Amino acid sequence: MEKEKIIELTGLTKKFKDLVAVDSLNLNVYKGDVFGFLGPNGAGKSTTIRMMLSLIKPTRGEIKLFGKSLNENRIEILRKIGAIVEKPDFYLYLSAYKNLEILGKISGTDVSEKKIMEHLELVGLEKRYKSKVKTFSHGMKQRLGLAQALLHDPELIILDEPTTGLDPQGMKEVRDLVLYLSKEKGKTVFLSSHILREVELIASRMIIINKGSAQVEGNVKDLLDSQNVSVLLEADKPDEAVNLIEASIWKGRITSRSGNEIVLTAPKETLAALNKYLVENKIEVSAFVPSRSLEEYFLKITEGEGK
Amino acid sequence: MIKLTVIELQKIFKKWRTYIGFAAIGLLTAIVQISLYFEGSKYVSMATRSFKDQFVMSGDLMNGYFIANMILNGLFVHIPFLIVLVGGDLLAGEATAGTYRMLVTRPVSRFQILAAKFLAGNIYVLSMIAWLAFTSLGVSILIFGSGEMMILSNGITILAADDILWRFAGAYMVSFISLSTIFSLSFLFSSLVENAIGPIVATMAVLVILLLLSTMEIGILKDIKPYLFPAHMGLWSNYFSDPVDYSELTKSAGILLAHTAVFFGAAACIFQKKDILS
């Protein structure tokens with residue numbers, strides 16, 4: 001049985017005069033997914049999220065959320081969504097508590113003191129509930145952003161760069177929170193982030209967009225497994241090693257060379273054979289570092305950006 | 001809708017800039033009252049100098065009613081400048097602060113958001129008028145007492161003491177109509193931009209230009225003037241003529257309300273279609 005589609009974007013396009021910010025984007029997010037939405041700066045991530053939240057109107061294309069057209073069911077759909085769009089901005093002259101109370105009331109949710117305090121506790125701001133938001137650091141506002149996104153118990157959580165401005169511990173807490181929401185609470189999470197390692201750690205599915213259009217979409221695991229692995233090796237005789245590689249099944253796979261270091265890409269299953277091949281041919285390999293992170297993949301997909 | 005309006009009111013009254021208008025009105029009325037407390041007789045004597053040959057003035061014309069009317073006369077052109085400090089900030093302020101994103105992604109229609117802000121803004125305008133009534137009329141009666149009221153406009157009119165309070169009530173009520181029009185204009189400008197300074201300055205500029213045009217009796221301006229809203233902002237003064245010219249009052253109120261409706265309608269159209277990019 002096919003899983004329920006929570007987000008369905010079809011041919012989504014947004015133009016700002018001559019600039020095509022999002023170009024015929026198609027994507028599907030299923031119930032329970034933690035969906036990584038990746039792309040370099042200016043790729044169109046935030047514009048896409050803004051269209052999904054009805055902040056801006058698409059030039060073309062259709063947005064369906066929970067199986068319904070956003071255009072025709074905006075209020076019903078927004079009731080089921082909690083979001084942080086870019087940086088979390090609040091009413092600076094109001095306290096953290098009052099901000100949550102106001103946003104909760106507008107969302108039509110129960111805004112009992114207990115519930116607000118629970119959410120402030122969830123993001124570690126319970127001791128600062130009376131403080132005006134203008135006294136908060138960026139990281140604290142980010143945490144408050146998470147609290148407001150979760151306050152009305154939404155089914156879909158859209159987080160646009162949620163770890164920006166957080167310290168490493170804060171980043172880990174957000175990661176843990178997203179995994180908790182997905183695994184324990186069954187929420188669907190749509191997460192855009194430029195910290196690719198984080199997406200790799202928490203996303204089940206992902207899309208990479210560049211210059212407004214999709215480059216690749218699928219399961220994080222499948223996409224990584226299907227790719228060549230980047231290997232950095234350090235050899236005592238690098239010229240000889242390069243000649244050997246070019247005379248083998250790995251011909252044409254060297255991507256860079258610097259001193260004793262050679263970087264090449266190779267299918268994952270051939271790595272052991274490559275190492276063995278070099279050693280058998282009297283090359284001492286002092287380092288052999290395969291790299292399969294999403295970041296490598298991301299950089300590969302988006303290479304040439306800004307040139 | 002009520003809930004949204006209450007939230008908007010909370011937001012308005014938690015901002016310090018909201019109180020600039022209250023402080024300014026309080027200060028100005030206090031200055032006028034203090035000055036008249038010490039120099040009031042001299043002022044009345046100067047004001048009535050030209051009538052002294054025709055009338056015999058008896059009793060104390062320097063009373064709370066006279067002062068409240070004088071303050072209303074002096075301030076009705078200036079209060080709009082205080083109103084726009086809040087009106088111009090209502091929508092553009094959300095854009096500047098980035099809170100549009102939080103607000104517009106909630107499960108309420110954009111029109112509801114806009115209407116709640118408009119309503120809350122008008123309640124703020126009402127509260128300014130109530131404050132003006134309290135400081136100018138209430139405090140003046142407390143200090144100077146009540147009595148017959150002298151009106152110096154196209155001659156001299158003396159209103160009996162028991163024929164005055166309802167006129168003030170009417171004058172304050174219709175002041176709301178004219179101030180609401182100014183507020184609506186600043187609200188419209190506020191829906192267009194993402195910085196509150198622009199709408200505040202633009203409203204003031206439009207008001208000054210239209211006020212100047214309203215005073216010119218030349219050519220095409222003469223024909224346009226009756227339809228320019230600043231020409232009707234003084235409609236409250238009708239309540240102090242005897243008898244009250246209700247047809248003029250209704251006409252002015254109608255023109256002002258029509259302007260308010262157009263300004264709000266335009267703001268609604270703009271806000272519905274607006275891409276929130278802040």
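This is a predicted model: local features need pLDDT of at least 70, side-chain atom pairs count only at pLDDT 80 or more; totals for chains, interfaces and linings use all residues.

Which residue is the bridge partner of L9(A) in β2(A)? I looked it up, and the partner is L27(A).

**Confidence, chain A**

Confidence is highest in strand β4 (residues 60-65) of chain A, at 93.

**Four-stranded sheet, chain A**

I traced an open sheet of four strands in the order β2-β1-β4-β5 (chain A), with antiparallel pairing. β2 (19-30) and β5 (68-69) of chain A are the edge strands, each pairing on one side only. Strand β1 (residues 5-16) of chain A is joined to β2(A) by eight bridges, in the antiparallel sense.

**Six-stranded sheet, chain A**

Next I followed an open sheet with the order β6-β7-β8-β3-β9-β10 (chain A); its pairing is mixed. β6 (81-84) and β10 (213-219) of chain A each have a single partner strand, so one side of each has no neighbour in the sheet. From one strand to the next, the twist averages 15 degrees. Strand β9 (residues 205-210) of chain A pairs with β10(A) over six bridges, antiparallel, and there N210(A) has S213(A) as its bridge partner.

α1(A) turns up here too. It packs on this sheet, touching β3 (34-38), β7 (156-160), β8 (188-192) and β9 of chain A, with its direction at about 150 degrees to that of β7(A). I also noted helix α5 (residues 138-150) of chain A, which lies across β6 and β7 of chain A and runs at about 165 degrees to β6(A).

**Strands β11 to β13, chain A**

Strand β11 (residues 229-235) of chain A runs antiparallel to strand β13 (residues 261-266) of chain A, with six bridges between them. L232(A) is bridged to V263(A) in β13(A). Strand β12 (residues 254-258) of chain A is also antiparallel to β13(A), over four bridges, and R257(A) stands opposite I262(A). The β12(A)-β13(A) hairpin has two residues between its strands, and G259(A) has a positive phi near 60 degrees there.

**A helix pair, chain B**

How do helix α4 (residues 79-87) of chain B and helix α9 (residues 197-215) of chain B pack? I find an angle of about 155 degrees, with the axes 9 Å apart. The cut-off for roughly antiparallel is over 145, so α4(B) and α9(B) qualify. Their crossing is right-handed. P80(B), F81(B), V84(B) and L85(B) of α4(B) meet I200(B), T203(B), M204(B) and L207(B) of α9(B). By class, that contact has seven nonpolar residues, one polar and no charged.

**Where the chains meet**

Chain A puts in 23 residues and chain B 20 residues. On the chain A side, α2 (74-78) and α3 (96-106) of chain A are the elements giving two or more residues. α3(A) gives the most, with four residues. I sorted that side of chain A by class: 15 nonpolar, two polar and six charged residues.

Methods:
Residues are numbered from 1 along each chain as its sequence is written. Chains are lettered from A and ligands numbered from 1 in the order in which they are written. Two residues are in contact if their C-beta atoms, placed from the backbone, lie within 7 Å. Ala, Val, Leu, Ile, Met, Phe, Trp, Tyr, Cys and Pro count as nonpolar, Asp, Glu, Lys and Arg as charged, and the others, Gly among them, as polar. Two strands pair if DSSP finds at least two bridges between them. Axes are lines fitted to C-alpha atoms, for helices over the stretch in contact, and angles run from 0 to 180 degrees between N-to-C directions. Angles under 35 degrees count as roughly parallel, over 145 as roughly antiparallel, 65 to 115 as roughly perpendicular and the rest as oblique. A crossing is left-handed if the near helix is turned anticlockwise from the far one by less than a right angle, and right-handed if clockwise. pLDDT is the predictor's confidence in each residue, from 0 to 100.
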